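Good morning, and thank you for the time.

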Amino acid sequence: RAPPAPSVTMATGGDANDRMMADAAKALTGYTGGGLSRTGATGAGEELDFNDVFSLRRPQNAMSGLSSGLQSAGKGVLAGAAALIAAPAIGAKAEGATGFFKGLGAGLVSAVVLPVVGVGVGATQIVRGIANTPEAIAEANAGKRWNRRTREWVTEDLVKEALKLAEIDDETILEKARERARAREAEERATSGGGGGG
């Protein structure tokens, strides 16, 4: 009989170190044999993805590439260290002595693999940030703005935007926000495998 998958409850604090530790714990949970899932605030299982732990999002410039790279390297080292300590304990709790040795093996592999992956992703992000810097300088000088959600440079006419916003009342804005939230929820349900009925 397979042991139950360990789960991680995400920290919701805004502190970068808390997020880094939570991401490292996610890497550990997925790597030590429990399957790539976690329990969110709602209690529903969510699938983990590589970008949940190591960010491969397009960096804006050299500074954002450096920041992303250092975070990925740090997460890899923390996740490797956490796996080395936690995997034997999780295995022992699930299967006794046999589980301890299985967990020890998984922890040793994780202690090597996760830091190497983190450093590799980190180096990639730093290089990508440096490569994107000339474009960032040109686009910023052309009056464009970096869109953090889409990770691209966008042209905005602030006068047009102000006129458009002046024509819209608060209720319309709230209704559009509700529609976007409903669409996002439906998309999340569809991508999570259409879990149990709600």
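**Overall make-up and selected contacts**

Of the 198 residues of the protein, 26% count as buried, where buried means under 20% relative accessible area, exposed means over 50%, and partly exposed lies in between, with a 1.4 Å probe and protein chains only. Please keep in mind that this is a predicted model, in which local features need pLDDT of at least 70, side-chain atom pairs count only at pLDDT 80 or more, and totals for chains, interfaces and linings use all residues. Residues are numbered from 1 along each chain as its sequence is written, and side-chain values use heavy atoms, with hydrogens and water left out.

The protein exposes about 12700 Å², of which carbon and sulfur atoms supply 60%; these areas come from the Shrake-Rupley method with a 1.4 Å probe, and for residues only the protein chains shown count as cover.

As to secondary structure, there are six helices and four strands, taken as DSSP runs numbered from the N terminus (helices H or I, at least four residues; strands E, at least two). Along the sequence they follow the pattern α-β-β-α-α-α-β-β-α-α. Among contacts in the protein with a separation of 6 or more, 61% come from residues 24 or more positions apart, a contact being heavy atoms within 4.5 Å.

Let me turn to one helix pair. How do helices H3 and H4 pack? Helix H3, residues 62-95, and helix H4, residues 97-141, pack at an angle of about 175°, and their axes are 7 Å apart. The axes are lines fitted to C-alpha atoms, for helices over the stretch in contact, and angles run from 0 to 180 degrees between N-to-C directions. H3 and H4 are therefore roughly antiparallel to each other, a term for angles over 145 degrees; under 35 counts as roughly parallel, 65 to 115 as roughly perpendicular, and the rest as oblique. The contact of H3 with H4 has 21 nonpolar, 17 polar and two charged residues. Here Ala, Val, Leu, Ile, Met, Phe, Trp, Tyr, Cys and Pro count as nonpolar, Asp, Glu, Lys and Arg as charged, and the others, Gly among them, as polar.

Helix H4 also holds Asn-132, which is buried at a relative accessible area of 13%. Leaving aside residues up to four places away in sequence, Asn-132 touches Arg-58, Pro-59 and Gln-60.

Next, the salt bridges, each a side-chain nitrogen of Lys or Arg within 4 Å of a carboxyl oxygen of Asp or Glu. The count comes to six. One of them joins Lys-102 to Glu-95, with the closest N and O atoms 3.0 Å apart. Lys-102 is exposed at 51%, whereas Glu-95 is partly exposed at 33%.

Which residues form a network of salt bridges? They are Glu-171, Glu-175, Arg-178 and Arg-182. Because Glu-175 and Arg-178 are three residues apart in helix H6, residues 170-191, about one helical turn separates them.

Finally, Arg-151 lies in the loop between strand S3 (145-147) and strand S4 (152-154). Most residues other than glycine have a negative phi. Arg-151, although not a glycine, has a positive phi of about 60°, and at 16% relative accessibility Arg-151 counts as buried.
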